[in-house]
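Welcome, and thanks for taking a look.

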Protein chains: 2
Amino acid sequence: MDERTEIGKLGEFGLIDHLTRNNEIRNATTVIGVGDDAAVLDHFGKQVVLTTDMLVEGVHFDLMYFPLKHLGYKSVVVNLSDVYAMNATAQQITMSIAVSNRFSVEALDEFYDGVYAACARYGVDLVGGNTTTSQKGFIISVSAIGEVAPGHYVCRNTAKAGDLLCVSGDLGAAFLGLTLLEREKKIFLETKGVQPDLENQDYIIGRFLKPEARKDVIEFFAEKEIIPTAMIDISDGLSSEILHICTQSQLGCTLYEEKIPVNEMARQFAYTLELDPTACALSGGEDYELLFTIDPGDYEKIAAHGDLSVIGHLTQQEEGIRIITRGGNTHPLTAQGWNAFR
Amino acid sequence: MDERTEIGKLGEFGLIDHLTRNNEIRNATTVIGVGDDAAVLDHFGKQVVLTTDMLVEGVHFDLMYFPLKHLGYKSVVVNLSDVYAMNATAQQITMSIAVSNRFSVEALDEFYDGVYAACARYGVDLVGGNTTTSQKGFIISVSAIGEVAPGHYVCRNTAKAGDLLCVSGDLGAAFLGLTLLEREKKIFLETKGVQPDLENQDYIIGRFLKPEARKDVIEFFAEKEIIPTAMIDISDGLSSEILHICTQSQLGCTLYEEKIPVNEMARQFAYTLELDPTACALSGGEDYELLFTIDPGDYEKIAAHGDLSVIGHLTQQEEGIRIITRGGNTHPLTAQGWNAFR
């Protein structure tokens, strides 16, 4: 009998590792292949980064509360975020979609309005793609290309012990926005006619429905001549991304709960839901902020920036990957936050 | 009331034109955007081509007769074909898939076996992608990157009147392979237990299930210092591709039926189905051969190649796009072949 292994058994990252375990690199132009935010290609001695992502209706987004224009915008932004996470400048995208006949041309126009708005905002060109039929739902595949000066690209596996761990913006709000929209959808479905109560929650909803990629941070690095020692964008949650940097760099890390930046409106809304704001930041995801490590000698340069926070430091691997709470307790950090929450 | 235009009303190419009608190019690095087989990007004075394609189960392939390994292989090849159609050398691909839980890890391994076999055959590197969940079926999105010496890329809109119209390989067999597989599937479903009769049809089935991209033709061009004046790969059928070159180059064309290369086994099988082999070549599609135009001065160079055929020549636009049949009659060529068949 043929063996059958369920995909769920391996998990997302396990599956990618499994499927690429025998992958061979043949071209001298391939500098970095599978395993980072984007690939790095050496074209005629200069470097290009390439990333791609697929979004599936019902898995990655719910059109009941996700406006098509925002969806178009976000599907571009999440790819640009991967380009910036390589310390590269985004230049071009391709956009492929598959849609069922439930979508009209007007619906696709709304989606593309968002795509073009993101292209304009970030100065990238839409250079290709295709449009085809799906059997069910809306499927989006975007590829993005960026440029980087030779050797200036930043991977996940190059942090050093003693480096400072830093993050841009604030964390957890996108997850709270999603939680609010899911709650209001449930109420709406159970009690037809009740309009959603989204008052005063613009910030968290905006963080979920219209995230921005941190092009400005990459530009700040260039201006201040900072090259982070490692970098990743926060799509799955702070914990998961810290673990990627630490395991790939073979290091430990000490993270300070009190240093994790959380927006005040997000914090208040978390309390009303009886959620821990720190847990939202650690495990929520979809913030599309940049998590990066720098040499301590660069501390002064980033201290002046109002929107970058030092949240911890890298240690030797044997010290473990841990969080020190506001109360002074130490917990090991896991992909889901920390064990105290499980 | 909101307007609703059905997507089918615009057609595939109409929809792409509609959605990209206001597309702006912002970066000097974008040489050619939407509208050809691939985009051309100028990175630091050197040129890179980028193409992407999405394949959806139940729309583009039927897993009842399409082995997963062949599907993996073909999904890479169809993208490489677009790179070669720009006269570029394929270098890297990304592969994203979305699958429902009906697929096991072993099934994905088979698919990736085909992906890696194509990478090995064509000397390209898999450098990224992702693997996610679909609500229904198997969805594949591939992007491919190639390199081309500056200015040596070949578009669709640059043919000249008097140029020779040429094609590689033979045409129509992939469509006949598909037709055979669809016929046997129908018989199998209607009469359970009947095994498909595919005897002596290896050629046409192979052309459909395991097409090859014409890397060798691009290498031949380089060796003989030929730069075609226009080029496109044959995915939708010879007629459709001739119309793309003629309309984009604002030219007419005279095509000779007797010159269209058709494999003898394919021709015989077409007769058994009471299909016209020429109609299969004109409208069948999925051949992944190269259709190109050359200056008549290059004729001697390609005449020596055993697998390239001159099938006609480009004319002034007012002479129209037409086919001269074996019987000596002249018909206007349409995207579906020629009108006599409608």
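Keep in mind that this is a predicted model.

- B:Ile145 has 30 other C-beta atoms within 10 Å, and 20 or more make a residue buried, so B:Ile145 is buried.
- Along the chain, B:Ile145 and B:Phe221 are 76 residues apart, and their C-alpha atoms are separated by 20 Å.

**Helix α7 of chain B**
- Helix α7 of chain B covers residues 238–249, and its end C-alpha atoms are 16 Å apart.
- That agrees with expectation, because 12 residues at 1.5 Å a residue should span 16 Å.
- α7(B) is mostly covered, with 9 of its 12 residues buried.
- Among the buried residues of α7(B) are B:Leu238, B:Ile242, B:Ile245 and B:Cys246, and they also include B:Glu241 and B:His244.
- An α-helix has 3.6 residues a turn, so residues three or four places apart point the same way.
- Just after α7(B) comes B:Gln250, which takes a positive phi of about 55°.

**A helix residue in chain A**
- A:Ala120 lies in helix α3 of chain A, residues 105–122.
- Is A:Ala120 buried or exposed? It counts as exposed, because 11 C-beta neighbours lie inside 10 Å and the cut-off for exposed is 12 or fewer.
- A:Ala120 and A:Ser239 are 119 residues apart in sequence, and C-alpha to C-alpha they are 32 Å apart in space.

How values were computed: Residues are numbered from 1 along each chain as its sequence is written. Chains are lettered from A and ligands numbered from 1 in the order in which they are written. This is a predicted model: local features need pLDDT of at least 70, side-chain atom pairs count only at pLDDT 80 or more; totals for chains, interfaces and linings use all residues. Helices (H or I, at least four residues) and strands (E, at least two) are DSSP runs, numbered from the N terminus. The expected span of a helix is 1.5 Å times one less than its number of residues.
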